[in-house]
Amino acid sequence: MSRFEEVLQNIFIGQRQGAELYQRIFVVSAYSGMTNMLLEHKKTGEPGVYERFADAHNEDAWLEALDNVQQAMTAKNAELFKGEYELQAANRFIEGRISDVRDCMVSLQQLCSYGHFQLTEHLMKVREMLASLGEAHSAFNTVLALKKHGINARLADLTGWNQREPKAFQDMVRDSFAGIDFNSELVVATGYTHCSEGLMNTFDRGYSEITFAQIAAATGASEAIIHKEYHLSSADPALVGVDKVVTIGRTNYDVADQLSNLGMEAIHPKAARTLRRAGIHLRIKNAFEPEHQGTLISQDYCSEKPCVEIIAGRKDVFGIEVFDQEMLGDVEYDLEITRLLKQLKLYVVNKDSDANSITYYVSASRKMINRASRLIEERYPMAEVNVHNIAIVSAIGSDLKVKGILAKTVAALAEAGISIQAVHQSIRQVEMQCVVQEEDYDAAIAALHRALIEPENHGDVIVAA
């Protein structure tokens, strides 16, 4: 959305004319950086409006942060619209929303100064209200821009603004699209949906794809398309070389789930589940190469012959190794430790075990890993707990029953001077994971791509025409 003019010409309009412009629904996210300013920076943790409000020590801090958001949003409006009418309309819309939010938050802060009302009980609602500003801003602007180009665009505002009471998620989506004539209206929907379940309670900032999938299912879409800044490729071009990677033409939802497990989401797994159950194919396209067909993801696809489709991985992983000779034959160890990790909200990428040890491969901050390690030691005083800085590299494919793939993988990493800490290959044969030292991650990705994909000159990869 930050390269909006290109997106407008490549995706919204392109070569389409007349009736070809319609029968489509666009679900838009906030402009780049806006949600960081509204909530907190996703990578650095720098506090935004929400974090400053939740801190509750300095009212001026969150008010100043909200003013900064308004300035950034109106600056974006000025960048997008040169015509006075559109610019004034865009500014009036977002300034009105921000004014409502400011009044609501000030009133809530005053209310919670009384002992009977606790701010913590209302923070999730505040978080959702703030997050909705970003999507409403970009969706409203998109409708304005489309109308300026003579297109009959319509805003489907799912933020529930001024709605008396929330509806269930599915009802909110279904009711918002009832009565729309898709033959003559191009619909732009907000990525955030206000509902009784509270999307952010479960998905936090991943709610846009959940909304996207539910809209597709509710309207009986023939295909769901996610436009990204890049193609879904056989590996990260920055690690293996732009000239070495190829776009994956087709794959299935199982492969998409493996990528999600590694933190490289083609689509959120819960959104994929909605599409899968509705029988809707998903296409991943590069927004800046509109003529390219991209990657088609379906439920029943399987490659014509066994092959590796993607080399992927994850660096932000720690191995928590628990050794205790008392655990032999006692499944309670695994159950208890898994429950503890879940309580700490740590994401377990994988795990392995032998007679008297279990290693959990966990994605989290070092602080949280140390806390988990300490709690495990307290629960099992006789256990020896060690934490390892590791990375995971994976070979993934819709049919990975490639003869000798394990031998080729081990040989490729050995030739690159990389020591394998552990190997995982399940009977289902869709992924093979190698655990390596964190500093070997980049070299391991390149080595596996060379060994498992490049030798056949990409012949084992199904490439889109």
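**Figure 1. D204 in the loop between α8 and α9.** D204 is found in the loop between α8 and α9, where helices (H or I, at least four residues) and strands (E, at least two) are DSSP runs numbered from the N terminus. Although D204 is not a glycine, its phi is positive, at about 45°. At 28% relative accessibility, D204 counts as partly exposed; buried means under 20% relative accessible area, exposed over 50%, and partly exposed in between, with a 1.4 Å probe and protein chains only. The model is predicted, so local features need pLDDT of at least 70 and side-chain atom pairs count only at pLDDT 80 or more, while totals for chains, interfaces and linings use all residues. Residues are numbered from 1 along each chain as its sequence is written, and side-chain values use heavy atoms, with hydrogens and water left out.

Figure 2. N162 is a residue other than glycine with a positive phi, near 65°. Its place is in the loop between β2 (153-156) and α7 (169-177), and N162 is exposed, with a relative accessible area of 72%.

**Figure 3. Salt bridges between parts of the chain.** The whole structure holds 19 salt bridges, each a side-chain nitrogen of Lys or Arg within 4 Å of a carboxyl oxygen of Asp or Glu. In one of them R205 pairs with E40, and the closest N and O atoms are 3.4 Å apart. This pair links distant parts of the chain, because R205 is in the loop between α8 and α9 while E40 is in the loop between α2 (34-38) and α3 (49-55), 165 residues apart. E40 counts as buried at 13% relative accessibility. K315 and D442 also form a salt bridge, with the closest N and O atoms 3.9 Å apart. K315 lies in strand β8 (residues 310-323) and D442 in helix α16 (residues 441-452), so this pair ties together parts that are 127 residues apart in sequence. K315 counts as partly exposed at 39% relative accessibility, and D442 counts as partly exposed at 37%. Salt bridges that share partners join E40, R127, D204 and R205 into one network.

**Figure 4. Aromatic pairs.** The structure holds 6 aromatic pairs, in which rings of Phe, Tyr and Trp (its six-membered ring) have centres within 6.5 Å, and planes under 30 degrees apart count as stacked, over 60 as edge-to-face and the rest as tilted. F53 and W62 form an edge-to-face pair, 5.3 Å centre to centre with 90° between the planes; F53 counts as buried at 0% relative accessibility, and W62 is buried with a relative accessible area of 0%. Y192 and Y207 form an edge-to-face pair too, 5.5 Å centre to centre with 85° between the planes. Y192 lies in the loop between β3 (186-190) and α8 (199-203) and Y207 in helix α9 (residues 207-219), so the pair ties together parts that are 15 residues apart in sequence. Both Y192 and Y207 are buried.

**Figure 5. Charges over rings.** A charge sits over a ring if NZ of Lys or CZ of Arg is within 6 Å of the ring centre and within 35 degrees of the ring normal. The charged end of R127 sits over the ring of Y50, 4.9 Å from its centre, and K76 lies over the face of Y31, at 5.1 Å from the ring centre.
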